[in-house]
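Please have the sequence and the coordinates open.

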Amino acid sequence: MVDWPIPTNQRELRGFLGLTGYYRRFVANYGKIAAPLTSLLRKGGFQWTGKATEAFEALKTAMSTAPVLALPDFGKPFVVECDASGEGIGAVLMQEGRPVAYMSKALSSQSRQLSTYEREMLAILHAVTKWRPYLIGQRFTIRTDQRSLPYFMEQRVHTPAQQRWVTKLLGYDYELVYKKGIENRAADALSRQPDTSELASFSAPAFPISSDMWGTNAEDHTMEELESEFKDRFTNFKP
């Protein structure tokens, strides 16, 4: 949440506002704080300004601090809301309607080829595994907008993937319930969070002797002749 990138279009902004608006009852003066952002949702009105940046940072701070973000109470039941999109997965760990923790993860190219059913199940497995210290040993609820998943444990296991799912969920006391996608805005926004990962730097071992060897070869006429002969043969090669 703290590292959420600045939205670059209205679609990304709607996702962020969908998440923050889901918990607006815990944010004092939410409407006033979010006003510079909601004004950008008008048709042709997306022009990012300094006021928009201030509102964006204020909402991120609100979402990641009290009273919105709550400390876990192990005497109360936990709820895990999950969602998966074509780009990533997202989940929220909650108690009494308040978030305790967020999770978002970009899907690999291989995982993006999975069916919607499988991606939704992947989101559940990642969330349960990540928050195992909170969930193990007590009953909790998993909410998903995939209508068929609540009947998962009642189905016959046919594929190796389903066998792995069953194995990873063994030992947990949970209930899978269906929640309409339109009501699952928090997890949905996290699953669609823009992927800003990039290769900022690259490191590799360097050995001084390598530079010396290349320098020596460059001054060696015998090596120059062998390199020239090799190039000629490669160029004129016919299969």
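F140 has a relative accessible area of 1%, so this residue is buried; buried means under 20% relative accessible area, exposed over 50% and partly exposed in between, with a 1.4 Å probe and protein chains only. This is a predicted model, where local features need pLDDT of at least 70, side-chain atom pairs count only at pLDDT 80 or more, and totals for chains, interfaces and linings use all residues. Residues are numbered from 1 along each chain as its sequence is written, and side-chain values use heavy atoms, with hydrogens and water left out.

Now the pairs. Rings of Phe, Tyr and Trp (its six-membered ring) pair if their centres lie within 6.5 Å; planes under 30 degrees apart count as stacked, over 60 as edge-to-face and the rest as tilted. That rule gives ten aromatic pairs.

One of them is Y22 with Y23: the centres are 4.9 Å apart and the planes are at 85°, so this pair is edge-to-face. Y22 is buried at 17% relative accessibility, and Y23 is buried at 0%.

F140 pairs with Y174; their ring centres are 6.0 Å apart and the planes are at 35°, so the pair is tilted. This pair links distant parts of the chain, 34 residues apart: F140 is in strand β4 (residues 139-144) and Y174 in strand β5 (residues 173-178). Strands here are DSSP runs (E, at least two residues), numbered from the N terminus. Y174 has 15% relative accessibility and counts as buried.

Finally, which residues do ring pairs link into a cluster? They are W4, F16, F46, W48 and F56.

Methods: Helix = DSSP H or I, 4+ residues; strand = E, 2+ residues; numbered from the N terminus.
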